Amino acid sequence: MSAYAPHLEDTQPASDPSVDFFAITRQHPTEKSKRQGRMMTTKTPSSRSAILREEGARASCWAIVLGYVCLTYLLLYPFIGNAGRLRILSTISVALICLVSFRTWYVIARGSGYSRMVFRTFGWTCAICSVPVMAHLGVFSPAPVAITMAIGFFGFSIDREHALYISLAAIISYTIICGSVTFELIPDPGLFSSGHLAFSTKLSMFILVPMILTSTLWLARLSRRTMLECVDRAARAMELADRRQELLVEAKQDLEHALRAGSGKSGRYTNQNAGSYQLGPLVSQGAIGEIYRARHRRDAKPAAVKVL
């Protein structure tokens, strides 16, 4: 009977080379991470599958919502003022975001899978096209709210590098435009113009909004890292439980085999008397005793007697 007791490390399967999306590499604890008390986990195939399903479901919902918002914007185009090149460029950008959003939703809904290329195309399209839209609506308009929502989604992605790049691109773009308007390097072309605002008010917004956007990105990355660790620990715990269940089944089979091997053979006390019973062949034997078939010496009634 096996006495092997598995550790967590023994339950980790080899990395699956077929999983191409958002490489989650095998990592080992470093001295720095140990000092900081951080657990560097290894993602298992089962946890990767759960994470990818979650990522795809979120992307599908975000894409369809963003697509309908952009479609509504296009339907309201005749009623949006401030005609000019910026308005045309903003409308083209919104139309492009709308097309990419519905395409992303369609790819996921069709079952083609949520790939690295789908995420990056979706993210960079939104980041680049948001610049003329933000300039057209105005840096002090509700546009930063939409940017915050987008950072909350894209910054939460498993694709760590491009999640950071896409979010930082949006933050830097807003900061540059807002700073240029605040310090009057360029005139404010937005529908929600800041011409009536005091410099102190614009300066406050210039400081606070990028701080909020950056904080949103930091919280998104922190939440993603925590979720990855929780999913991985749950998957590894399930695998460990399965392994231990297999060991229990193996131990039970070994025990039954040992009992069958000793059954029917003569033991140390076969043909001897134990009180009113005469002991016969062994039934089974264990670590602390033996069980014998027995018969009562007076009426020959069968019995089983355990001798310790």
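Tutor: Start with a rule for rings. Rings of Phe, Tyr and Trp (its six-membered ring) pair if their centres lie within 6.5 Å; planes under 30 degrees apart count as stacked, over 60 as edge-to-face and the rest as tilted.

Student: How many aromatic pairs does the structure hold?

Tutor: There are 10 aromatic pairs. One of them joins Tyr-68 and Phe-102, edge-to-face, at 5.4 Å centre to centre and 85 degrees between the planes. Tyr-68 is in helix H2 (residues 45-75) and Phe-102 in helix H3 (residues 85-110), so this pair ties together parts that are 34 residues apart in sequence. Phe-153 and Phe-154 pair too: their planes stand at 70 degrees and their ring centres 4.8 Å apart, so they are edge-to-face.

Student: What kind of model is this?

Tutor: This is a predicted model: local features need pLDDT of at least 70, side-chain atom pairs count only at pLDDT 80 or more, and totals for chains, interfaces and linings use all residues. Residues are numbered from 1 along each chain as its sequence is written, and side-chain values use heavy atoms, with hydrogens and water left out.

Student: Which residues form one aromatic cluster?

Tutor: Trp-62, Tyr-114, Phe-119, Phe-122, Phe-153 and Phe-154 do.

Student: Are Phe-153 and Phe-154 buried or exposed?

Tutor: First the cut-offs. Buried means under 20% relative accessible area, exposed over 50%, partly exposed in between (1.4 Å probe, protein chains only). Phe-153 and Phe-154 are both buried. Phe-102 is partly exposed, at 23% relative accessibility. Across the 308 residues of the protein, 36% count as buried.

Student: What lies over the face of Tyr-77?

Tutor: A charge sits over a ring if NZ of Lys or CZ of Arg is within 6 Å of the ring centre and within 35 degrees of the ring normal. Here Arg-87 lies over the face of Tyr-77, 4.2 Å from the ring centre.

Student: How many helices and strands does the protein have?

Tutor: Helices (H or I, at least four residues) and strands (E, at least two) are DSSP runs, numbered from the N terminus. The protein has 7 helices and 4 strands. From the N terminus on, the order is α-α-α-α-α-α-α-β-β-β-β.

Student: What does helix H6 reach from its first C-alpha to its last?

Tutor: The expected span of a helix is 1.5 Å times one less than its number of residues. H6 (residues 160-182) has 23 residues and reaches 32 Å, close to the 33 Å expected. Glu-184 follows H6, with a positive phi near 60 degrees.

Student: Which residues does Trp-124 touch?

Tutor: Contact means heavy atoms within 4.5 Å. Trp-124 lies in helix H4 (residues 116-137). Leaving aside residues up to four places away in sequence, Trp-124 touches His-162, Tyr-165, Ile-166 and Ala-169. Trp-124 is partly exposed, at 28% relative accessible area.

Student: Which residues make up the covered face of strand S3?

Tutor: In a regular strand the side chains alternate between the two faces of the sheet. In S3 (residues 290-296), the covered face holds Glu-290, Tyr-292, Ala-294 and His-296. The uncovered face holds Ile-291, Arg-293 and Arg-295.

Student: How many bridges join S2 to S3?

Tutor: Two strands pair if DSSP finds at least two bridges between them. Strand S2 (residues 277-285) and S3 run antiparallel, joined by 6 bridges. Leu-279 stands opposite Ala-294. On to strand S4 (residues 302-307): 6 bridges join S3 to S4, also antiparallel. Arg-293 has Ala-304 as its bridge partner in S4. The hairpin of S3 and S4 has 5 residues between the strands, and Ala-300 there takes a positive phi near 60 degrees.
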